[in-house]
Amino acid sequence: NIKRVNISLQFNRYSSLGFYLNQKTLTDNLLFSSHAKTKNGRVGYNFYFLYNKLKYQLNGGIDSSKVTFADNVLVEKQLFPVQLSATKQNIRTSEVNFLTFLRLNKDESTSHTLNYEVNYQGNYWLNSEGAEDSTRYNNTYYFSTSGTHIDSISFKRFTNSFYYRLNDRNKINLYLGYKNEFNHHHQFLTDTMLMNHIIMAGFGHGYEGIRLTGEYVVNGYNAGNFAFDVQCKADIKKFYFIFDANTSRVMPNYMSVAYFSPHFIWSDTLKNIQSLNGKFAFGSDKYRFSIGFISNHQENTLYFDTLGIPKQYDSTFTVRVFAHKDLKLGPIHFNNTFNYQYIDNPDIIRLPQYYTSHQLYYEGKLFKKALWLQVGFQARYISAFKANAYMPATNQFYLQN
C-alpha cells in the first residue's frame with residue numbers, strides 16, 4: 001500500500017510428470033492488480049492483469065492396438081505404448097481489465113455511480129507434431145510434406161462498457177448499461193474481425209431475495225443472441241431454498257463454424273444454440289443435508305461426431321437429481337453424495353447414469369490444539385458409460401463407440 005494506492009503481485013510456476021509417457025507439463029501464472037480511491041471515496045479505479053502459459057506434451061492416449069489396459073492394471077504405466085511421441089502444445093492466455101467509477105452523491109450508504117470498464121482478452125494455441133505422429137489421423141489435409149506440422153489459433157476480444165449502478169447497502173442493487181465488443185479470430189489462411197453492440201442490465205435485492213441479470217446483442221455478428229438469469233434464495237428458520245433459471249440463445253463459437261488446419265477443414269452454417277436451464281435445491285447447514293435437481297433443455301446442441309467434426313442435434317434434455325448428507329459422531333465424519341442423471345439421447349450426450357462420492361475420516365486438533373488433523377478414506381462410484389475421446393489436433397472431445 002502506497003498511501004491510497006494498493007498494488008499486488010503474484011507469480012506461480014509448477015511442472016509435473018504424468019503417469020504415462022509424454023505427459024510432462026509446465027505452467028506459469030502471473031497476476032498483477034491495483035486499486036485506489038480518493039479520500040472521499042467518490043472516484044476510484046480497479047485494475048488487474050492476468051497471464052497464463054501452459055506447455056505440455058500429448059500422448060494421444062494408450063495405444064489399445066498394442067496393449068489391453070484391463071489385463072495390465074498392475075504393470076508400470078511408463079511401459080505402456082502410447083499413440084503420439086512428438087506432439088506438443090503451447091497455450092497462452094492473457095487478460096487486462098480497467099474499471100473507473102464516479103460516485104454522483106456524497107452518501108456512501110446509497111451510492112449512485114457511473115462506471116467505465118475496458119477489458120482485453122487474448123488466447124493463443126499452438127500445436128506441433130512430428131512426422132511419425134501424422135499416421136494417427138484418418139482425415140488429413142497437408143499443405144506441407146516436410147514432416148513436421150504446426151497449427152495455431154488465436155482469439156482476441158476487446159470490450160468497452162459504460163453503465164450506471166445503484167447500490168443501497170445490500171438492499172437494492174441494480175445496473176443498466178451498454179457494451180461494445182470486438183472479436184478477432186486468426187487461423188491458418190483465415191483472419192476475421194467481428195463486432196457486437198450489447199445492452200446489459202441487472203437487479204438484486206439483498207443477500208436473500210431475487211437477482212435478475214441479462215444481456216442482449218442488439219446489433220452485430222451475434223445480433224439477436226441473449227442470456228438472461230434469475231436467482232432466488234430464501235432462508236426459513238434453519239432451512240434454505242434456492243431457485244435458479246436461465247435461458248440463452250448463443251451462436252456457436254467461430255471455430256465450430258469455420259476451421260482450417262493441416263488435419264481438419266470444415267465450414268458450415270450452424271444454427272443458434274438455445275438453452276433453458278433450471279435448478280432447485282432445499283437443505284440445511286445445521287442438519288448438514290441438501291437435495292435438489294438440475295435440468296437442461298437445449299435445441300441445436302453442438303457436439304463433435306465420431307470423426308471429430310462439429311455437428312448439431314435438434315434437441316437434448318438432461319436432468320440430474322442429487323442428494324448430499326453429512327453424518328458426524330464426535331470427531332468421525334461420514335459424508336455422502338448421490339447423483340442420478342437422465343439423458344433423453346445418450347447417443348449425443350454421454351454421461352454416467354449414476355455417480356456417488358463418499359468420505360469417511362477423522363477430524364480433530366492434537367497437541368493442545370496446535371495441530372489440525374484430517375485423515376481418512378474417499379471412495380467414488382461411476383456407472384458404466386462411453387466417455388468421449390480426445391482429439392489433440394483440435395483440442396476437442398468427440399464421440400467414440
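Two strands count as paired if DSSP finds at least two bridges between them, and strands are DSSP runs (E, at least two residues) numbered from the N terminus. The model is predicted: local features need pLDDT of at least 70, side-chain atom pairs count only at pLDDT 80 or more, and totals for chains, interfaces and linings use all residues. Residues are numbered from 1 along each chain as its sequence is written, and side-chain values use heavy atoms, with hydrogens and water left out.

Strand β16 has antiparallel partners in β15 and β17. With β15 it pairs over 15 bridges, and with β17 over twelve bridges. Leu302 stands opposite Gln312 in β16, while Lys328 has His333 in β17 as its bridge partner.

| Hairpin | Residues between strands | Glycine with positive phi |
|---|---|---|
| β15 (289-304) and β16 (310-329) | five residues | Gly308, about 80° |
| β16 (310-329) and β17 (332-343) | two residues | Gly330, near 65° |

Positive phi also occurs at residues other than glycine. Asn22, in the loop between β1 and β2, has a phi of about 55°. Lys368, in the loop between β18 and β19, likewise has a positive phi of about 55°. Asn22 is partly exposed at 23% relative accessible area, whereas Lys368 is exposed at 86%. Here buried means under 20%, exposed over 50%, and partly exposed in between, with a 1.4 Å probe and protein chains only.

Phe162 lies in strand β6 (residues 149-167) and is partly exposed, with a relative accessible area of 46%.

Conventions
Helix = DSSP H or I, 4+ residues; strand = E, 2+ residues; numbered from the N terminus.
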